[in-house]
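Let's take a friendly tour of a protein chain. Have the sequence and the 3D view open side by side as you read.

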Amino acid sequence: DYTYNSDKKTFSFTIDGVSMTYPVTAGQLKSTGYTYMSQASQPHSQALMTSYANSKSGTKVALTITLSDTSQDDIKCSEMQVNFSDNTEFLGLNKKSDVSKVKSVFSSADKEDITDFNENTKTGSIVYSIETLKITVSMKNGAVSSVTIK
């Protein structure tokens with residue numbers, strides 16, 4: 001449930017039934033019902049990681065944004081992490097999605113890296129490259145726990 005437009009360099013996806021295009025802004029999340037949770041400074045990179053939650057689905061999204069004079073709600077993120085709850089739907093994945101589902105969702109990716117994934121415990125991360133994007137799917141005991149887009 002995503003499309004990458006090579007010409008426009010846009011990555012469009014659906015999260016909990018709402019269509020968005022990466023990179024997203026805090027304003028976009030807030031307009032779809034997410035509420036502010038917390039913020040952490042990342043001094044090494046002059047960036048902030050701001051977390052939001054969707055009370056209906058329980059989904060938590062953390063956006064990393066660069067510090068600037070622009071309103072934080074309007075800055076496009078440099079990284080987006082989605083932490084899955086029982087009701088999260090993101091990129092066609094949910095908390096019950098297994099490795100084969102993940103591989104089928106990203107079957108058209110340019111590259112798959114399973115170096116940090118343990119087949120026996122079905123725990124770790126699988127990294128997919130789509131043009132300039134890196135999508136990391138973290139799994140725990142065979143089920144998706146979070147996805148990071150960078």
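Buried means under 20% relative accessible area, exposed means over 50%, and partly exposed lies in between (1.4 Å probe, protein chains only). In a regular strand, side chains alternate between the two faces of the sheet. This is a predicted model: local features need pLDDT of at least 70, side-chain atom pairs count only at pLDDT 80 or more, and totals for chains, interfaces and linings use all residues. Residues are numbered from 1 along each chain as its sequence is written, and side-chain values use heavy atoms, with hydrogens and water left out.

**The hairpin**

- β1 pairs with strand β2 (residues 10-15) in the antiparallel sense, over four bridges; two strands count as paired if DSSP finds at least two bridges between them.
- Within β2, F13 is the bridge partner of Y2.
- Four residues lie between β1 and β2 in this hairpin, and K9 in the turn has a positive phi of about 55°.

**The whole chain**

- The protein chain has two helices and 12 strands; these are DSSP runs numbered from the N terminus, with helices (H or I) of at least four residues and strands (E) of at least two.
- Their order along the sequence is β-β-β-α-β-β-β-β-α-β-β-β-β-β.
- The C-alpha atoms fill a box of roughly 45 × 35 × 30 Å, taken along the principal axes.
- Of the 150 residues of the protein chain, 42% count as buried.
- Among contacts between residues at least 6 apart in sequence, 38% join residues at least 24 apart; a contact means heavy atoms within 4.5 Å.

**Aromatic rings**

- The structure holds seven aromatic pairs. Rings of Phe, Tyr and Trp (its six-membered ring) pair if their centres lie within 6.5 Å; planes under 30 degrees apart count as stacked, over 60 as edge-to-face and the rest as tilted.
- The rings of Y2 and F11 have centres 5.3 Å apart and planes at 35°, so this pair is tilted.
- Y2 is buried, with a relative accessible area of 16%, and F11 is buried at 1%.
- Ring pairs link Y2, F11, F13, F84, F90, F106 and Y128 into a cluster.

**Salt bridges**

- There are five salt bridges in the structure, each being a side-chain nitrogen of Lys or Arg within 4 Å of a carboxyl oxygen of Asp or Glu.
- One of them joins K30 and D73, whose closest N and O atoms are 2.8 Å apart. This pair links distant parts of the chain, 43 residues apart: K30 is in helix α1 (residues 26-31), and D73 is in the loop between β6 (60-66) and β7 (79-83).
- K30 is partly exposed at 35% relative accessible area, and D73 is partly exposed at 25%.
- Another joins E79 and K150, with the closest N and O atoms 3.7 Å apart. Here too the pair links distant parts of the chain, with E79 in strand β7 and K150 in the segment after β12 (143-149), 71 residues apart.
- E79 counts as buried at 19% relative accessibility, whereas K150 is exposed at 54%.
- E112 forms a salt bridge with K103, the closest N and O atoms being 3.5 Å apart.
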